[in-house]
Amino acid sequence: MLSIQNIAKSFDALQVLEDLSFEVRDGEFVAIIGPSGSGKSTLFQLIGGVASIDKGAILLNEGDIQQKRGTIGYMPQQPSLLPWRTVLENVTIVEELQRKPNTERAKIWLKKVGLESFIHAYPHELSGGMQQRVSFIRAMVSDKPILCLDEPFSALDEFTRLEMQAWLLSIWEEYRKSILFVTHSIEEALFLADRILILTKRPASIKKEMIVPFARPRQEEIRHSTTFTALKQQLFTYLQEEKGDVYAD
Amino acid sequence: MKQALHKGRTIFFIAFLLFVWELIVHMAEVPHWLLPAPSSILLEAFQSYQAFLPHAFATVQLALLGLAIGIGCGLTVAIVLHRFTFIRELFYPILIMSQNIPILVLAPLLIIWFGFGLLPKLIIICLVCFFPIVIAAMDGFRQTDAALKHYFEMIGASKAQTFWKLEWPYAYPAIFSGIKIAATYSVMGAVIAEWLGAKKGIGVYMTLAQSSFRTDRVFVAIFAIVLLSLLLFSSIRLIEKFMVKGRGYYAQHSKHR
């Protein structure tokens, strides 16, 4: 379980996060949405241990992970695959930092998700969507207690994005690994997550929490249900309220 | 196909230029000792290649040895300067300034200090090759994609891991373009070093040819130098193709192909 407790963070005079608390329970899919510039990326840097927090605590399975790197699985916005490594060599990079990587396990994962024929391909031979699949599997194979996904589909075109959401869901519903998913797409959050946290504008804290009522495994059809539309409307209103002067700078 | 056509065109144009040269020499009746025709240079090359080969061989040996040492020193310095900010701030400006000293003027000094042996010659070649490699490698390290660096931070890579697994391989194309420039310099450096005093080498051959007004032999030496530089350049390109993997679109960043 990931537990964020009353953390605050500022860069010089700019207060980015203030008294922010939430939890991601084991096997839970939590999405975070917020106005742009609300400190979503900063939050990931803090959880990843790249930057220090000013106040509060970050606990992972009761252990303090403040400024401790390499404790979470991470999938960035860009695929960030190393161009000189094959798909297989890319997938094992995280493990490689600690010990000799288990390529057999990585191969099994790639097979499971239909990337078998690309095992020895180089990233530039893959489409953008395929690269993001590899990037996700890399985070899965890193075998950390929680995955942090930072707007992973925002650089893809609409059609590929919908395809990727369904793909991610099919894998996640089978393995139920805890996921913290930052996005700026309301629909994406509703379709994927168990719970949605809405951030306030800067300095960010939790404005609202929404439990997504759809049963799993989820079908594409829920996107067209009246509940989906109503919740979307609700989330949109929350975000509207927070828009404010955030664009002023 | 298009590239082959392009290459064919270049070769054809060079042949055309040589033809013009030949024509001018014959029409204007330029004396042989002033400017020999390409045909007589070719003839001389065929007649005396047995005497010339040992010289060429010595130069190649010298150039390769100097280049290897230059690459070694260049990469080591680049890595040290890249990884230790303090040392970089101290030495980088000196490095840039030192390039304003023409290496040639250092040659007499090196002879005074180290005599006529192998060492001063290697130092000259090393100095000539060193700079393009250091600059290219450091640029390559520095230009590492910021998104990839951030990713490495997030997955908990140490500084050393980030360097050896990310920045170092990322810089391969840049390093190779530095080595390609250094390679052509190395042949030139070797010939200049031989001018200063050696028993064998293209430089020695040139000095002898010059003092006896055998201009055709001077040209044989010049063409041999060009040929050797090209050969070295293409071998390094070949090695580059094997070493730089998976960058179909990306290898094009490497200049001077």
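At which residues of chain B does UniProt place the feature "domain: ABC transmembrane type-1"? The unreviewed entry places this feature at residues 56-240 of chain B, where UniProt positions follow the numbering used here, feature names are shortened, and annotations may be inferred rather than shown by experiment.

The model is predicted, so that local features need pLDDT of at least 70 and side-chain atom pairs count only at pLDDT 80 or more, while totals for chains, interfaces and linings use all residues. Residues are numbered from 1 along each chain as its sequence is written, and chains are lettered from A and ligands numbered from 1 in the order in which they are written.

**View 1. The annotated spans of chain B.** Residues 56-240 of chain B are 86% helix and 0% strand, and the end C-alpha atoms of this span lie 25 Å apart; helices (H or I, at least four residues) and strands (E, at least two) are DSSP runs, numbered from the N terminus. The unreviewed UniProt entry also lists "transmembrane region" for several stretches of chain B, among them residues 90-116 and 174-198. Residues 90-116 of chain B are 78% helix and 0% strand, with end C-alpha atoms 34 Å apart, and residues 174-198 of chain B are 88% helix and 0% strand, with end C-alpha atoms 35 Å apart.

View 2. B:Leu230 belongs to helix 10 (residues 215-243) of chain B. B:Leu230 counts as partly exposed, because 13 other C-beta atoms lie within 10 Å; a residue is buried with 20 or more such atoms within 10 Å of its own C-beta, exposed with 12 or fewer, and partly exposed in between, the C-beta atoms being placed from the backbone. The C-alpha atom of B:Leu230 is separated by 18 Å from that of B:Ala45, 185 residues apart along the chain.

**View 3. An open sheet in chain A.** Four strands of chain A, in the order 2-1-4-5, form an open sheet with antiparallel pairing, two strands being paired if DSSP finds at least two bridges between them. Strand 2 (14-24) and strand 5 (63-64) of chain A stand at the edges with a single partner strand each, so one side of each is left without a neighbour in the sheet. Strand 4 (residues 55-60) of chain A pairs with strand 5 of chain A over two bridges, in the antiparallel sense, and A:Leu60 stands opposite A:Gly63 in strand 5 of chain A.

**View 4. A:Pro123 and the contact between the chains.** A:Pro123 is placed in the loop between helix 4 (103-112) and helix 5 (128-141) of chain A, and counts as buried because it has 23 C-beta neighbours inside 10 Å. Leaving aside neighbours within four places in sequence, the residues in contact with A:Pro123 include A:Asn90 and B:Gly246, a contact being a pair of residues whose C-beta atoms, placed from the backbone, lie within 7 Å. The contact between the chains takes 16 residues from chain A and 16 residues from chain B. On the side of chain A that touches chain B, the residues divide into nine nonpolar, five polar and two charged, where Ala, Val, Leu, Ile, Met, Phe, Trp, Tyr, Cys and Pro count as nonpolar, Asp, Glu, Lys and Arg as charged, and the others, Gly among them, as polar.

Note on methods:
Contact = placed C-beta atoms within 7 Å.
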